[in-house]
Amino acid sequence: MSTLPGKTVLITGANAGIGKDVARQLALRPEIARIYLACRNRDRAVTARAELETATGRSIFDIVVMDVADLGSVRAGLAAIDGSVDALVMNAGVIGPQSMKLTADGVTTVFATNVLGHVVLLEGLLAEGRLGEVAVLVGSEAARGVPKLRMKRPSFVTTSANELATVIDGSYFAGRKADFNLAFGQVKYIGALWMAYLARQHPDRRFITVSPGGTTGTQAANDLKLPLRLAAKYVMPALGITHKLDVGARRLVDGVTDPTLSSGVFYASAANKVNGPLVNQAEISPDLANLTFQDHANEAIHRFIV
Ligand SMILES: NC(=O)c1ccc[n+]([C@@H]2O[C@H](COP(=O)([O-])OP(=O)(O)OC[C@H]3O[C@@H](n4cnc5c(N)ncnc54)[C@H](OP(=O)(O)O)[C@@H]3O)[C@@H](O)[C@H]2O)c1
């Protein structure tokens with residue numbers, strides 16, 4: 001994003017964790033004039049806004065009530081925003097056993113939250129000429145697997161639109177116990193392919209997927225079983241595998257503000273790591289740069305938007 005004054009940013013899932021810290025860090029930049037906190041719960045958003053005002057000394061936060069797992073709510077939130085936004089940060093996300101339930105749109109909650117609601121939001125802004133400069137989708141190293149942490153790499157037989165659609169509607173796991181960690185990685189993978197597709201359609205804007213990396217100090221692990229929760233909260237930080245909240249959020253702030261990051265690229269940690277410097281993930285998973293797979297992801301997603 002350019003450093004001209006008067007910039008406006010919209011962040012989904014901005015009342016907690018990484019999204020809230022992205023709001024805090026962006027508000028400390030003089031060029032940022034307004035930040036929309038798009039949150040599903042107004043009370044939690046009001047509390048977060050008060051904390052952000054205290055932390056930054058700025059009263060530039062507007063609340064937009066938006067449940068990204070509900071397309072009607074996304075469209076209503078879009079209509080409630082005045083004018084255009086210079087930057088969009090698509091951060092809201094869930095993981096865990098509850099995330100395999102289907103929404104009213106016939107997609108898994110993990111897909112609805114991490115991707116589908118954001119597709120309707122971003123494409124709505126683009127269709128109305130209301131995205132100024134850059135959109136950042138929050139990705140994850142789970143999209144290409146982390147063998148050291150026993151996170152399986154999502155792999156597909158043909159990566160056809162039909163096959164990707166089985167991830168979206170949950171039928172990929174038909175007849176067997178769903179692996180919600182793998183589902184999360186698959187969903188983030190499809191999201192990164194979709195962003196790369198959009199980058200080709202709109203060369204005048206920037207579309208970047210960035211993983212915050214393994215980040216402590218968030219609510220993300222709260223729905224996991226106790227051993228996994230303890231590992232995420234205590235063991236991984238102690239081993240230096242993960243980093244602190246401000247470091248993870250800083251990666252997304254860079255996605256918004258660093259003009260050297262290339263449109264269409266998915267940036268995350270080096271192979272087998274969830275912290276450290278950002279690298280282009282197509283160096284690890286060349287399929288992320290496959291134009292046909294990107295087209296298939298876009299096609300599969302749009303089967304679920306009416
Ligand atoms: N933490 C990590 O190590 C890590 C690693 C890789 C990627 N990520 C990604 O980073 C993003 C933020 O995660 P986090 O760690 O900050 O998690 P978090 O603390 O659980 O925060 C998630 C945020 O998303 C919001 N949200 C969830 N479902 C929503 C919905 N349907 N509509 C609107 N908002 C919704 C939550 O709101 P409520 O308070 O109302 O629930 C909360 O504000 C996610 O996309 C996650 O996949 C995190």
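# Reading helix packing and loops

Modeller: Let us begin with one result from this predicted model: helix 4 and helix 9 are roughly perpendicular to each other.

Colleague: At what angle do the axes of helix 4 and helix 9 cross?

Modeller: In general, a pair of packed helices is described by two values, the angle between the axes and the distance between them. Here the axes of helix 4 (residues 109-127) and helix 9 (residues 291-302) cross at roughly 90° and come within 11 Å. Angles from 65 to 115 degrees count as roughly perpendicular, so helix 4 and helix 9 receive that description.

Colleague: Which residues of helix 4 meet helix 9?

Modeller: From helix 4, the residues are Phe 111, Val 115, Leu 116, Val 119 and Glu 123, and they meet Asn 298, Ile 301 and His 302 of helix 9. By class, this contact between helix 4 and helix 9 holds 5 nonpolar, 2 polar and 1 charged residues.

Colleague: How do helix 6 and helix 9 pack, and at what angle?

Modeller: The two values are read in turn once more. The axes of helix 6 and helix 9 are 8 Å apart, and the angle is about 105°. Since that angle falls within the range of 65 to 115 degrees, helix 6 and helix 9 are also described as roughly perpendicular to each other. On the side of helix 6, the contact is made by Tyr 189, Ile 190, Leu 193, Trp 194, Ala 196, Tyr 197 and Arg 200; on the side of helix 9, by Leu 291, Phe 293, Gln 294, Asp 295, Ala 297, Asn 298 and Ile 301. The residues of this contact between helix 6 and helix 9 divide into 10 nonpolar, 2 polar and 2 charged.

Colleague: What span should the 22 residues of helix 6 have?

Modeller: At 1.5 Å a residue, helix 6 (residues 180-201) should span 32 Å, and its end C-alpha atoms are 32 Å apart, so the two values agree. Helix 6 is also mostly covered, with 19 of its 22 residues buried.

Colleague: Is Arg 200 buried, partly exposed or exposed?

Modeller: The description follows from the relative accessible area: under 20% is buried, over 50% is exposed, and values in between are partly exposed. Arg 200, in helix 6, has a relative accessible area of 35% and is therefore partly exposed. Beyond its sequence neighbours up to four places away, Arg 200 touches Leu 291, Gln 294 and Asp 295. Its side chain reaches the backbone oxygen of Leu 291 at 3.3 Å. Arg 200 and Gln 294 are 94 residues apart in sequence, while their C-alpha atoms are 9.9 Å apart in space.

Colleague: Which residues of helix 5 are buried?

Modeller: They are Ala 161, Glu 163, Leu 164, Ala 165, Val 167 and Ile 168, and helix 5 is accordingly described as mostly covered, with 6 of its 8 residues buried. These buried residues pack against helix 4, helix 6 and helix 9. Just after helix 5, Gly 170 takes a positive phi of about 85°.

Colleague: Which residue other than glycine has a positive phi near 70°?

Modeller: The general idea is that most residues other than glycine have a negative phi. Asn 272 has a positive phi near 70°. Asn 272 lies in the loop between strand 7 (266-268) and strand 8 (279-280), and its relative accessible area of 29% makes it partly exposed. Arg 150, which is not a glycine, has a positive phi of about 60°. Arg 150 is found in the loop between strand 5 (131-138) and helix 5 (161-168), and it counts as exposed because its relative accessibility is 80%.

Colleague: Is Ser 285 buried or exposed?

Modeller: A place in a loop is read separately from accessibility. Ser 285 lies in the loop between strand 8 and helix 9, and at 1% relative accessibility it counts as buried. Leaving aside residues up to four places away in sequence, Ser 285 touches Arg 144 and Arg 153.

Notes
Residues are numbered from 1 along each chain as its sequence is written. Side-chain values use heavy atoms; hydrogens and water are left out. Axes are lines fitted to C-alpha atoms, for helices over the stretch in contact, and angles run from 0 to 180 degrees between N-to-C directions. Helices (H or I, at least four residues) and strands (E, at least two) are DSSP runs, numbered from the N terminus. Angles under 35 degrees count as roughly parallel, over 145 as roughly antiparallel, 65 to 115 as roughly perpendicular and the rest as oblique. Contact means heavy atoms within 4.5 Å. Ala, Val, Leu, Ile, Met, Phe, Trp, Tyr, Cys and Pro count as nonpolar, Asp, Glu, Lys and Arg as charged, and the others, Gly among them, as polar. The expected span of a helix is 1.5 Å times one less than its number of residues. Buried means under 20% relative accessible area, exposed over 50%, partly exposed in between (1.4 Å probe, protein chains only). A polar contact is a pair of N or O atoms within 3.5 Å; within protein, one must be able to donate a hydrogen and the other to accept it, and residues adjacent in sequence count only if both atoms are side-chain atoms.
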